[in-house]
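Let's look at how charged side chains pair up in a protein model. Please have the sequence and the 3D view ready.

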Amino acid sequence: MNSCDTHDHELAIDARGLTKMFGKLAAVSNLNLRVPKGQIYGFLGPNGCGKSTSIRMLTGLLTPTAGEISVLGMSIPKQSEALRLRIGYMTQKFSLYDDLTVKENLEFIAQIYCLSPNESKRKIEQLISTYQLTKLAKQFAGTLSGGQKQRLSLACACLNDPELLFLDEPTSAVDPQSRRNFWEQLFDLSEAGTSILVTTHYMDEAERCHGLAIMDQGVILADDSPKALMENMGANVLELTHPNLRQVKDELLEFSEVRSAAQIGARLRVLVDDKVNQPDIWLKRALPTLEQSEIHLTPPNLEDVFVTVTEQSSALEVS
Ligand SMILES: Nc1ncnc2c1ncn2[C@@H]1O[C@H](COP(=O)(O)OP(=O)(O)O)[C@@H](O)[C@H]1O
Ligand SMILES: [Mg+2]
């Protein structure tokens, strides 16, 4: 928990005990979230784990079943109207007007924010240039590619110079090059002081965030910087070769010290509890068939963290 010592006024988001029930389903359960100002904070988790529901509560669109929310120092949902002027929100499906042109989409949103004609013109020209929309300005939004829609959506979300941006799976419908460019733009915004909450189910994207919450089935299982999450995951990562990886995998999973084993191409990626000293030697002793195998210690990645924290939480459920 890296942000516990952060003063309240330095927090863009402070949510405590946030819960949303849909009938009997706890879409979000007792979520605690503290996002320091100026950070890019990630929500990592599989489909249906409660990311969008959390964002909708934090933006004041959905009333929580329980919990307290303070966003930019305002109490939500009570002060949602005032909050709306200070945030930008890019929804999962890019809420653009297909039958308006790129420029008209921006002009329409500018009107909603009541920008003066001069201000609106200046801001729209600036955003069209920043997000490489110049050649597309007169094109209908409905005819844009995924990457172009994404750039226009981000431009729309930035029209009011938001202090805080909510981005809900902004890169799920775009190609890898557009994803890279998009992240460059997020870092530019962050450097200019904008706080950003971004949801994703891509591990590589999550790794770029300053802070990260890993979510599964409505619950935050871990939150910290990606580096700290990887350092503190409590397991060493080893990769090994063997002519029969499938069988080795099944046999290794019998050991309580082995937290997970997954085939990655021609190798087996094994997470061994870090209570085990010299895990490479331990593996060869545990399974004599590995005598001839090459076994290497490998740096952990966020997928490993995800596997270990979800495994821990299901172990708790069982016990
Ligand atoms: N309005 C709703 N009514 C009933 N169930 C919902 C509603 N919105 C979301 N859910 C359920 O809540 C869970 C979390 O959904 P969501 O927040 O959209 O997940 P994510 O954005 O992480 O994919 C899912 O099981 C989803 O089906
Ligand atoms: Mg979602």
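Here is a short tour of some salt bridges and a surface patch.

This is a predicted model, where local features need pLDDT of at least 70, side-chain atom pairs count only at pLDDT 80 or more, and totals for chains, interfaces and linings use all residues. Residues are numbered from 1 along each chain as its sequence is written, and side-chain values use heavy atoms, with hydrogens and water left out.

The whole structure holds 17 salt bridges, each being a side-chain nitrogen of Lys or Arg within 4 Å of a carboxyl oxygen of Asp or Glu. The table shows some of them.

| Pair | N to O distance |
|---|---|
| Asp14 and Arg34 | 3.8 Å |
| Arg86 and Glu163 | 2.7 Å |
| Glu239 and Arg269 | 2.8 Å |

Strands (E, at least two residues) and helices (H or I, at least four) are DSSP runs, numbered from the N terminus. Glu239 is buried, with a relative accessible area of 9%, and Arg269 is buried at 10%. Buried means under 20% relative accessible area, exposed over 50%, and partly exposed in between (1.4 Å probe, protein chains only). Glu239 and Arg269 also belong to a salt-bridge network with Arg267 and Asp304.

How does Arg86 compare with those cut-offs? At 29% relative accessibility, Arg86 counts as partly exposed.

Finally, Ile112 lies in helix α3 (residues 102-112) and counts as exposed at 51% relative accessibility.

Conventions. Chains lettered and ligands numbered in written order.
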